[in-house]
Amino acid sequence: MGVIAGFMVPHPPLIVPEVGRGGEAVVEDTIRAYEKVAEEIAELAPETIVISSPHSVMYADYFHISPGAHASGDFGNFRAPQVSFEVDYDERFAMQWANHAAVNEIDAGVLGERDPNLDHGTMVPLFFITKKYTDFKLVRIGLSGFSLATHYRMGQLVSTVADELDRKVVYVASGDLSHRMTEDGPYGFHPKGPEYDERIMDVMGRGDFDELMDFDEVLCQHAAECGHRSFVMMAGALDKKAVKIEKLVHQGVTGVGYGICTYHVEGEDPSRNFLEKWEERDRERRQKQKAAEDVYVRLARRSLEANIKEGRRITWDEVKDEVIRGGGAVRTEADTSTPYATEDGSATPLAIEELTGKQAGAFVSLHKDGKLRGCIGTISATRDCVADEIIENAISASTRDPRFDPVEEEELPFLEYSVDVLGEAENIKSPKELDVKKYGVIVTKGMRRGLLLPNLDGVDTVEEQLAIAKQKAGLTTEEKGCKLQRFEVVRHY
């Protein structure tokens, strides 16, 4: 039979009456929609229900599928231990899913179990479903730190396994929306909260799932969402399927967004190949971005790729003719008026003079799938010229950043680069002299020193900037008596 439906649902324990104790009345619309979902699942009578939960076991680089034949859990952590569950797992489905993941080079499986008990992200959907229907086996999976595209691919394998086993499968994507919807909510307010909720409900209501992978990390982090990757995995399970979509409810009255949408499969539809569509758009975007790189970024890319592909360090004289030639228009942020490139992106005499005749600190930053992949730099000059500084720091960013594994050759086409050339640091007396968009900051106390570049995604206030710089210096945010310096940069893309 295969995948026959998908459901996007929230998981607030509040809506369980034994937990809410009357407080659940504020989300009555969500409760009614949840009951409708349970009735629809009962009518579908699936043999297997797959639930992806943000609160199941989660790893940065591994999808954990819950192992074994049985599992149990209760709402004891929410003062309602009398609400309990016993479920049977579909072991064959879980193992076959893990096997397909291995074939497709996705790290996933039933190893690494840390807590066999059912989590509330799983139990809240079960609370409603099992009131109407119990004749199913469960497959439970946690999310991961992998890219959104990889979550989609993992979801596609649900459909593959369901078809192979001839199982009637329903996918339940458990996840709340933004946790920062109101000032009086448990996590406070951020303007990105309502922005995220409006956008995710629009996308899920239309079922244009390729747009799920266009949500950037900064929006998701500021919104403090927890279900996005769960929704993406469900979208993968519905890949190339015609679906009847119904948007049942969206509420944010508790300060947390709750959304419910249903997707009933009505046949095949090859045009709903959303991952392929997104990958093509992403490929075109990266090609345009690469064509627009200026000489600074071209030099960083050339250095990194030579080191990884050929195991050697290039020199400026060796590659200058190649990297000076333009492939598009230059983009700088800190000083857009500086003429570093001609109209076709070729380096200007000013750029060449700075690269070869000036000494300065420089940072090379790498991003992949919208996330930082490496960043190493120097506060002040350590080489004879800026070009050599970039050449060395590009290699370091890809191989010596202790936060990340070294970059692999297969990652090279997906890396996005920026190069920051630092101005002279100047002492300041007060954080009032900082501007998070214009100035980077250096915090020093004794032998400890931390630096943060300006104009970084997700760093919107001086307080945030100083807190991160202190953390990088190994200092607490409350540390007093720190020396502060500021500096400007020219950022090259």
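Residues are numbered from 1 along each chain as its sequence is written, and side-chain values use heavy atoms, with hydrogens and water left out. Because the model is predicted, local features need pLDDT of at least 70 and side-chain atom pairs count only at pLDDT 80 or more, while totals for chains, interfaces and linings use all residues.

**View A. Helix α5 meets helix α9.** Here α5 (residues 148-165) and α9 (residues 274-291) have axes that come within 11 Å and cross at roughly 155°. That makes α5 roughly antiparallel to α9 (an angle over 145 degrees; angles run from 0 to 180 degrees between N-to-C directions, with axes fitted to C-alpha atoms). Helices are DSSP runs of H or I with at least four residues, and strands are E runs of at least two. Look for Ala149, Tyr152, Arg153 and Gln156 on α5, and Phe274, Leu275, Trp278 and Glu279 on α9: these make the contact (heavy atoms within 4.5 Å).

**View B. A four-stranded open sheet.** The strands follow the order β14-β17-β15-β16, with antiparallel pairing (strands pair if DSSP finds at least two bridges between them). At the edges sit β14 (426-428) and β16 (448-452), each pairing on one side only. Strand β15 (residues 440-445) pairs with β16 over five bridges, and Val443 stands opposite Gly450 in β16.

**View C. Helix α14 on the strands.** Helix α14 (residues 462-472) lies across β15, β16 and β17 (483-487). Relative to β16, helix α14 runs at about 140°.

Methods
Parallel < 35°, antiparallel > 145°, perpendicular 65-115°, else oblique.
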